[in-house]
Amino acid sequence: MDTKLSFTTKVVKELLSHNFSVLLYNKDNIDGYGGWFSTDVGEEEFVVAMKHHMSFEILLHEYCHFLQWKYDRQLWEKSNLTYDVLFDWISFPSLKYSADIKDCDYTNEQLDQSLHDILEIEHDCEKRAIKLATNNPIEDFDLDKYKRAVNAYLWSYHLNRELRQRPKNPIYTPRVLENMSNQFYSLDYYLDKNNLSEQCRLALLQEYEKDSSCP
Ligand SMILES: [Zn+2]
């Protein structure tokens, strides 16, 4: 059985051997994110905020994006085409002076396609993470909690699309997680917003409302 440390060491070695930079920050977030995995040319990097209260879960998740890149290049390349549309639309107009953002006048079809493609790649990523943690148990890794966080994470994209905003507060709080299912469902289930129960929706919505860090 791996410990979190032995698993992390293996991940770092594997990423370095594939020429990715590995940036493990001694912080609880980086620009509001817990981490990311990028294959953009010149920015091939694996980044995790190691002081985040779920840093190991984030590391596992980002590692599974690396596995997608390694073993399912077609899916990875496909998602890269549309992944940013929803994020850019949400960030606009704050990004409107960026040279990369020509305009954010996306059609509903483009936004829905982006939401679909994000859920597709993130669901596949979580499927890999859950399979990995099930087949190769990691000491002190709470799979029940991980699945609850997966539900919060995947459903949050529907709210991002609906409200045109990202959550103002962290969504992996004990209050949110206790309202989430500990079951991992099929992609079709998460694509259909009707499957988002009122209880889950209300639990998540609270984190989109008031910024608890600003009294
Ligand atoms: Zn992801």
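Biologist: How many residues does helix α1 have, and how far does it reach from its first C-alpha to its last?
Modeller: In this predicted model, helix α1 (residues 4-17) has 14 residues and reaches 20 Å between its first and last C-alpha atoms, close to the 20 Å expected at 1.5 Å a residue.

Biologist: On to the strands, then. In which sense do β1 and β3 pair?
Modeller: Strand β1 (residues 21-25) runs parallel to β3 and pairs with it over five bridges, and within this pairing serine 21 has glutamate 45 of β3 as its bridge partner.

Biologist: What about β2 and β3, parallel or antiparallel?
Modeller: Strand β2 (residues 35-38) pairs with β3 in the antiparallel sense over four bridges, with phenylalanine 46 in β3 as the bridge partner of phenylalanine 37. The hairpin of β2 and β3 has six residues between the strands, and glycine 42 in this hairpin takes a positive phi near 85°.

Biologist: Why is β3 said to be largely enclosed?
Modeller: Four of the five residues of β3 (residues 45-49) are buried, and therefore the strand is largely enclosed by the rest of the structure.

Biologist: Changing topic: where does α3 bend?
Modeller: Helix α3 bends by about 40° at asparagine 80.

Biologist: Which residues of α3 are buried, and what do they pack against?
Modeller: The buried residues of α3 are Trp76, Ser79 and Leu86, and the elements that these buried residues pack against are α2 (55-71), α4 (108-135) and α5 (143-163).

Biologist: Which residues of the largest nonpolar core touch the most other members?
Modeller: That core has 36 residues, and those touching the most other members are Leu59, Leu60, Ala149, Val150, Ala152, Val176 and Leu204. The elements giving two or more residues to this core are β3, α2, α4, α5, α6 (174-178) and α8 (198-205).

Biologist: Which element gives the largest share of this core?
Modeller: The largest share comes from α5, which provides eight residues of this core.

Biologist: One more: what is leucine 60 in contact with, leaving aside its neighbours within four places in sequence?
Modeller: With those sequence neighbours left aside, leucine 60 is in contact with Ala129 and Ala133.

How values were computed:
Residues are numbered from 1 along each chain as its sequence is written. This is a predicted model: local features need pLDDT of at least 70, side-chain atom pairs count only at pLDDT 80 or more; totals for chains, interfaces and linings use all residues. A residue is buried if 20 or more other C-beta atoms lie within 10 Å of its own, exposed if 12 or fewer, and partly exposed in between; C-beta atoms are placed from the backbone. Two strands pair if DSSP finds at least two bridges between them. The bend at a residue is the angle between axes fitted to the seven residues ending there and the seven starting there. Two residues are in contact if their C-beta atoms, placed from the backbone, lie within 7 Å. The expected span of a helix is 1.5 Å times one less than its number of residues. A nonpolar core is a set of buried Ala, Val, Leu, Ile, Met, Phe, Trp, Tyr and Cys residues joined through C-beta atoms within 7 Å.
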